[in-house]
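Dear colleague,

I am handing over the structure below, and after it I set out what was found in it. Please keep it open beside this message while reading.

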Amino acid sequence: MSQVFSEETHRNLLSRIPECTGREISDWLRMVDEGPSLFRFEEKVSWLRGEHGLAYGHAKAIIHEYDLRRAARKLL
């Protein structure tokens, strides 16, 4: 079962990703967008972990942010 992070924890994880991975959040979001068409949240997290060697928390934060931004675009 996946862990649920608070909004504060999510923001803290996002802020640390560039220094931990050497890539900006925008780069990771673009990779997810251009990556395989996976439907389930955990499939996307597993793909990031396996393909790019990310820690679970970082991969989850990236996918969560991707989903938040995608939902916000749909509202416009």
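How are α2 and α3 oriented to each other? Before the answer, please note that this is a predicted model. The axes of helix α2, which covers residues 25-34, and of α3 come within 11 Å and cross at roughly 110°. Since angles from 65 to 115 degrees count as roughly perpendicular, α2 and α3 are therefore roughly perpendicular to each other. On the α2 side the contact is made by W28, M31 and V32, and on the α3 side by W47, L48 and H52. Sorted by class, the residues in this contact of α2 with α3 are five nonpolar and one polar, with no charged residue among them.

The next pair is α3 with α4. Helix α3 takes in residues 41-52, and its axis and that of α4 come within 9 Å, crossing at roughly 130°. The crossing in which α3 passes α4 is right-handed. From α3 the contact draws on F41, E42, K44, V45, L48 and R49, while α4 supplies Y56, A59, K60, I62, I63, H64, Y66, D67 and R70. By class, this contact of α3 with α4 holds eight nonpolar, one polar and six charged residues.

For L54, if residues up to four places away in sequence are not counted, the residues touched are T21, W28, L48, R49, A59 and I62.

H58 lies in helix α4, which runs over residues 56-75, and because its relative accessibility is 13%, H58 counts as buried. Leaving aside neighbours within four places in sequence, H58 is in contact with L13, I17 and C20.

E65 also has its place in helix α4, and with a relative accessibility of 5%, which is under the 20% cut-off, E65 counts as buried. Apart from residues up to four places away in sequence, E65 touches H10, R11, L14 and L29. The C-alpha atoms of E65 and S46 are separated by 16 Å, the two residues being 19 residues apart along the chain.

K60 lies in helix α4 and, at 8% relative accessibility, counts as buried. K60 belongs to the α4 side of the contact with α3, and its C-alpha atom is separated by 5.6 Å from that of V45, which is 15 residues apart from K60 along the chain.

Is R70 buried, partly exposed or exposed? R70 is found in helix α4, and its relative accessible area of 32% makes it partly exposed, because that value falls between the 20% and 50% limits. R70 and D33 are 37 residues apart in sequence, whereas in space their C-alpha atoms are 9.8 Å apart.

How values were computed:
Residues numbered from 1 in each chain as written. Predicted model: local features only at pLDDT ≥ 70, side-chain atom pairs only at ≥ 80, totals over all residues. Heavy atoms only, no water. Helix = DSSP H or I, 4+ residues; strand = E, 2+ residues; numbered from the N terminus. Buried < 20%, exposed > 50% of the residue type's maximum accessible area, 1.4 Å probe, protein only. Contact = heavy atoms within 4.5 Å. Axes fitted to C-alpha atoms, helices over the stretch in contact; angles between N-to-C directions. Left-handed = near helix turned anticlockwise from the far one by under 90°. Nonpolar A, V, L, I, M, F, W, Y, C, P; charged D, E, K, R; others polar. Parallel < 35°, antiparallel > 145°, perpendicular 65-115°, else oblique.
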